[in-house]
Amino acid sequence: MSTQTSFVTQATALPAYTSTTDLAISPPTREARGRARLAAASKDLRSEPGPIRFIIIALALSFLTIFVVLPLVVVFASAFSKGVSAYFAALSEPEALSAIKLTLLVAAISVSLNLVFGVIAAWAIAKFDFPGKTILITLIDLPFSVSPVISGLVFVLLFGAQGYWGAWLQAHNIHILFALPGIALATIFVTFPFVARSLIPLMQEQGTQEEEAAISLGASGLQTFFRVTLPNIKWGLLYGVLLCNARAMGEFGAVSVVSGHIRGETNTMPLLVEILYNEYQFVASFAIASLLAMLALITLVVKTILEQRLDEEQTPKDDSR
């Protein structure tokens, strides 16, 4: 009687997808069939009637067309509205060339510094436990929650003529605001989370086993980093650098506060677009804007490629588990 009761209890505990005919099948086969039935059931749940799928896809495509594709078409159409010669003439103006050079220089400075900071911060957060770790993560995320205009005003309060260090800077003839250092500082502030935030989850997922093995075999800290850690995070690092560079070149709010809008000296490409548009120089304005739009498109393509490479690297690790 006890044996019969035990059999009934075990049969009741079987999943709902298991039939009585499956009891005679080996457990691995029964488990495989159960997974196949669950996959088929979930597929049926995800499938929608044809009209509903059509409406959803049409709404998504309409939204993308209105808010993404059409603005890009308008930008390029306006930039070339007076011909290719007018387009390149607008880009070859001294003021435009100065804005392009300044934008590239500021982006190079901010990306380089944020690259170093992001790697160090991600390494510390993902590989070690220390007091203040939560505070460090909060500070890294701070630019995501603070308006760029507010961050620009912070630098004005620090380095302006009436600011905390303003008198000392003026006495030593050091120019921070309305010059390259102020623009670079504002750009660094709004872009420094990107590299760190791209690397932290990747390093946390990889763990510390490979680094510990390298150190146990006699490798130094630098050797461990360049031969073990860096090859494992290279695609995530490029991903963060890409996003950081795109944000640095397109930053407007913080740079607008600290630049002073000195024509030919402290105007970056986004600032010059606004100035030219307000002066009704539409071809020149949209010509500069088209460069930023091309940067966005290139960033999107490279971002997609890097995401695929990251998925390809993570998939074998997930399968091995």
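Contact here means heavy atoms within 4.5 Å. The model shown is predicted.

View 1. Thr224 sits in helix 12. Is Thr224 buried or exposed? Its relative accessible area is 2%, so Thr224 is buried, the cut-off being under 20%. Which residues touch Thr224, once neighbours within four places in sequence are set aside? They are Glu211, Ala214, Ile215, Ala219 and Thr229.

View 2. Beyond residues up to four places away in sequence, Arg247 touches Pro148, Val190, Thr191 and Phe194. How far apart in space are Arg247 and Val111, C-alpha to C-alpha? The distance is 9.8 Å, although 136 residues separate the two in sequence.

**View 3. The largest nonpolar core.** This core has 23 residues. Ile140 and Leu199 have the most contacts inside it. Which elements give two or more residues to this core? They are helix 5 (94-127), helix 10 (193-206), helix 12 (221-250) and helix 15 (282-320).

**View 4. Ile140 in close-up.** Ile140 is one of the residues with the most contacts inside the largest core. Neighbours within four places in sequence are left out of this view's list. Ile140 is then in contact with Phe117, Ala121 and Ile125, among others. Phe192, Pro193, Ala196 and Ile200 are also in contact with Ile140.

**View 5. A nonpolar patch on the surface.** Here nonpolar residues lie on the surface. The patch is formed by Ile57, Leu61, Phe63, Leu64, Ile66, Phe67, Val68, Val69, Leu70 and Val73. Together they have about 950 Å² of accessible area. Where does Val69 lie? Val69 is in helix 3 (residues 50-79). Val69 counts as partly exposed because its relative accessibility is 42%, and partly exposed runs between the buried limit of 20% and the exposed limit of 50%.

Definitions and conventions. Residues are numbered from 1 along each chain as its sequence is written. This is a predicted model: local features need pLDDT of at least 70, side-chain atom pairs count only at pLDDT 80 or more; totals for chains, interfaces and linings use all residues. Side-chain values use heavy atoms; hydrogens and water are left out. A nonpolar core is a set of buried Ala, Val, Leu, Ile, Met, Phe, Trp, Tyr and Cys residues joined through side-chain atoms within 4.5 Å. Buried means under 20% relative accessible area, exposed over 50%, partly exposed in between (1.4 Å probe, protein chains only). Helices (H or I, at least four residues) and strands (E, at least two) are DSSP runs, numbered from the N terminus. Patches are made of residues with over 30% relative accessible area and no salt bridge: like charges are joined within 9 Å, nonpolar side chains (Val, Leu, Ile, Met, Phe, Trp, Tyr) within 5 Å. Accessible areas come from the Shrake-Rupley method with a 1.4 Å probe; for residues, only the protein chains shown count as cover. A salt bridge is a side-chain nitrogen of Lys or Arg within 4 Å of a carboxyl oxygen of Asp or Glu.
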